[in-house]
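Here is a short tour of a two-chain model, written for someone who likes to know the cut-offs behind each term. Have the viewer open and follow along.

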Amino acid sequence: MVNNISRYLKIWFKMAGVSMQLETEYRSSFILEILVEIGFFVVTLINIAVIYSNVPLVVGWTKWEAMILMGMYMVFSEIVLGLAFIFNLRTLPDKITKGDLDLILLKPIDSQFQVSLWRPYFASFPSLLSGIVVIFVGFAQSQIRFNIIQFLTFILIFLCGLLIAYSLGIIISSLVFWFINADSLPDLAEEVIFLSGRPSGVFPGFWRYLFLLIIPVIIMVSLPVEVLTGKQSVLWLPFAVIMAAIFLFLSRRFWLFALRHYSSASS
Amino acid sequence: MSLISVHNLQKFYRVHQKEPGLSGSIKSLFHRKYYDVKAVDGVSFEIGEGELVGFIGPNGAGKTTTLKVLSGLLYPTSGDISVLGYIPWERKPAFQKQFSLVMGQKNQLWWDLPAIESFILNKEIYEVPDDQYKQTLNELVSLLEVEDILKVQVRKLSLGQRMKMELIAALIHSPKILFLDEPTIGLDVVMQKKMREFIKAYNRKFRATIILTSHYMDDVKELCERVIIIDKGRLLFDGRLDEITRKYADHKLISAVFSDHITRADLAKLGTVKEYDLPKAVISVKRAEAPQIAAKLLEKYPIEDLNIEEPQIEDVIREVFTGRDLA
């Protein structure tokens with residue numbers, strides 16, 4: 001087990017090196033990617049400024065609290081996109097139609113690892129950093145303080161959220177095995193994960209249960225931030241851990257099921 | 001002992017039928033008629049260690065499907081298959097480390113990086129020890145004569161150079177079994193020949209078991225003592241290459257150079273005229289009658305040169321596939 005993890009980490013770092021070389025191979029496009037990411041960041045900030053210039057509170061969040069949430073969402077989505085989507089799950093439909101998935105299945109290394117965590121994307125790193133800056137500004141301006149228990153709970157729930165987002169990505173993207181040419185399925189998965197940027201209060205009644213239990217986007221960003229800012233109790237932690245375990249398990253089973261279908265039906 | 005054992009392999013695909021036009025498309029959304037395509041239908045064979053076997057058949061014969069089942073990419077519909085003692089489609093890493101599948105039309109190398117980067121990555125994936133990696137790489141590099149292009153980006157290599165690099169990437173873990181699906185496709189004649197020499201040398205040197213599919217008869221003729229012919233998912237022939245001629249060609253070719261005019265009609269009385277381009281002509285005759293007919297020709301007509309030949313293996317195989325009578 002430990003051996004296996006260190007082997008996969010070693011391969012991942014090799015791939016990170018390869019990915020870095022590939023991204024910088026075309027220098028102008030690398031710089032362009034970074035500029036695009038910065039553009040997104042600026043648009044997001046303007047968005048917050050515009051909303052809060054009209055109202056002081058949105059579903060109970062002040063402007064600076066909303067900035068913390070937004071910064072956290074930037075960090076979260078950049079991690080998910082950079083690690084699992086941009087060079088990985090997004091290319092799954094293409095790999096299936098071109099038959100490159102066969103090359104993956106031949107390798108003595110886990111196929112889910114190869115399609116979902118193979119090649120990290122580095123140009124999203126600046127956005128991640130700017131997300132952290134936004135979080136710091138939010139905390140500095142809002143005077144909100146947290147204790148060590150809140151902080152550790154926040155970290156753990158945030159990690160659970162990452163695992164859930166990853167699992168949803170696997171499940172939704174794997175549907176592509178049944179729908180040839182459904183190139184947009186990974187995009188759909190991303191759109192679902194992007195819902196996590198909203199404060200949980202925007203989902204009333206039925207929607208709250210849907211986005212807490214079935215498509216648990218609330219656990220990804222809103223819940224950990226609410227715990228960190230004292231809006232929710234640290235006792236949410238076991239719930240988040242159980243949900244992450246369930247989704248990780250389901251996504252693994254679904255991936256293997258989808259592969260079985262692929263190997264029976266493809267030619 | 002056989003390394004690969006295939007017993008009664010069947011692989012069917014379910015496909016749905018669609019009526020033409022838009023109305024057909026809409027109808028097929030709600031109600032679909034399915035039927036089975038029999039890609040492989042009851043194929044059996046055994047392959048022993050160190051064999052180099054040619055796998056031939058027209059497009060859609062089931063060659064690639066069979067290779068994909070053997071390498072664990074496809075679940076068969078039915079049949080008992082064992083490769084190196086493993087059930088291929090369980091895709092156990094211990095099994096996957098012992099074979100390689102090279103598909104002429106697919107590449108695993110990183111396009112924008114030098115090939116050496118892909119080799120290093122494969123070394124990690126296949127857990128090849130450092131010493132063994134260095135030794136294997138050196139051997140392959142000198143066999144294929146690619147020392148000077150290891151550090152050139154793959155996109156800047158020619159197709160032939162790229163194929164050599166693909167082979168190194170596929171062989172860096174010293175597989176016991178090598179499946180080659182159309183390895184010479186698209187290569188020029190010189191490069192095809194080099195590739196063949198390499199495959200032969202690799203087979204001898206490392207006692208690797210190799211199954212090769214190819215459209216080029218030359219590949220098979222030069223490399224494989226044994227061939228397996230499949231068509232429409234069924235096994236037509238399994239044996240030595242030269243046996244094909246004996247089994248399927250019940251005729252021989254008599255080619256003659258005439259020093260005087262002879263009409264096509266006269267030749268047609270003796271056998272089927274295959275070529276009529278005076279002074280040269282070729283007729284096809286029943287195997288057993290070849291000597292008598294040749295004697296008759298020599299007796300009746302002025303002839304400068306006469307040969308009795310076995311038909312070309314390509315022709316025999318083509319005739320087998322089209323199911324036509326040869327004589």
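Contact here means heavy atoms within 4.5 Å. With that in hand, take Gln98(B), which touches Leu84(B), Tyr86(B), Pro175(B), Lys176(B) and Ile177(B), not counting residues up to four places away in sequence. Gln98(B) sits in the loop between helix 3 and strand 5 of chain B; helices (H or I, at least four residues) and strands (E, at least two) are DSSP runs, numbered from the N terminus. Gln98(B) is buried, with a relative accessible area of 17%. The classes are buried under 20% relative accessible area, exposed over 50% and partly exposed in between (1.4 Å probe, protein chains only).

Some ground rules. This is a predicted model, in which local features need pLDDT of at least 70 and side-chain atom pairs count only at pLDDT 80 or more, while totals for chains, interfaces and linings use all residues. Residues are numbered from 1 along each chain as its sequence is written, chains are lettered from A and ligands numbered from 1 in the order in which they are written, and side-chain values use heavy atoms, with hydrogens and water left out.

**Chain B as a whole**

Chain B has 12 helices and 13 strands, and its C-alpha trace spans about 75 × 60 × 45 Å along the principal axes. Of its 327 residues, 51% are buried. Among contacts between residues at least 6 apart in sequence, 70% join residues at least 24 apart.

Helix 12 (residues 313-322) of chain B has Ile313(B), Val316(B), Ile317(B), Glu319(B), Val320(B) and Phe321(B) buried. These residues pack against strand 3 (52-56), helix 8 (217-223), strand 8 (226-231), strand 9 (234-240) and helix 9 (241-248) of chain B.

**Where the chains meet**

The interface involves 30 residues of chain B in contact with 29 residues of chain A. The area buried between them is about 2,800 Å², with carbon and sulfur atoms giving 61%; buried area is the accessible area (1.4 Å probe) that two parts lose on being put together, summed over both.

The rule finds five salt bridges across this interface, a salt bridge being a side-chain nitrogen of Lys or Arg within 4 Å of a carboxyl oxygen of Asp or Glu. On the chain B side, strand 1 (2-17), helix 3 (93-96), strand 5 (99-103) and helix 4 (115-125) are the elements that give two or more residues. Helix 4 of chain B supplies the largest share, six residues.

**Salt bridges one by one**

A search of the whole structure finds 24 salt bridges over all chains. Here are some of them.

| Pair | Closest N and O atoms |
|---|---|
| Lys68(B) and Asp102(A) | 3.1 Å |
| Arg226(B) and Glu51(B) | 3.1 Å |
| Glu124(B) and Lys123(B) | 3.8 Å |
| Asp242(B) and Arg240(B) | 3.6 Å |

Arg226(B) forms a salt bridge with Glu51(B). Arg226(B) lies in strand 8 of chain B and Glu51(B) in the loop between strand 2 (33-48) and strand 3, so the pair ties together parts that are 175 residues apart in sequence. Arg226(B) is buried at 14% relative accessible area, whereas Glu51(B) is partly exposed at 24%.

Glu124(B) is buried, with a relative accessible area of 11%, and Lys123(B) is buried with a value of 11%. Both belong to a network of salt bridges that links Lys10(A), Lys14(A), Lys123(B), Glu124(B) and Asp130(B).

**A helix in chain A**

In helix 9 (residues 185-194) of chain A, the buried residues are Leu185(A), Pro186(A), Ala189(A), Glu190(A), Val192(A) and Ile193(A). Seen down the helix axis, they fall within an arc of 160°, so they line one face of the helix; the arc is that of the directions from the helix axis to the C-beta atoms. Their cover includes helix 3 (63-85), helix 4 (92-98), helix 8 (148-174) and helix 11 (217-220) of chain A.

**Backbone details worth a look**

Leu278(B) and Pro279(B) are joined by a cis peptide bond, with omega about 10°. Pro279(B) is in the loop between strand 11 and strand 12 (280-286) of chain B.

Gln143(A) has a positive phi of about 65° although it is not a glycine. Gln143(A) lies in the loop between helix 7 (125-142) and helix 8 of chain A and is exposed, with a relative accessible area of 58%.
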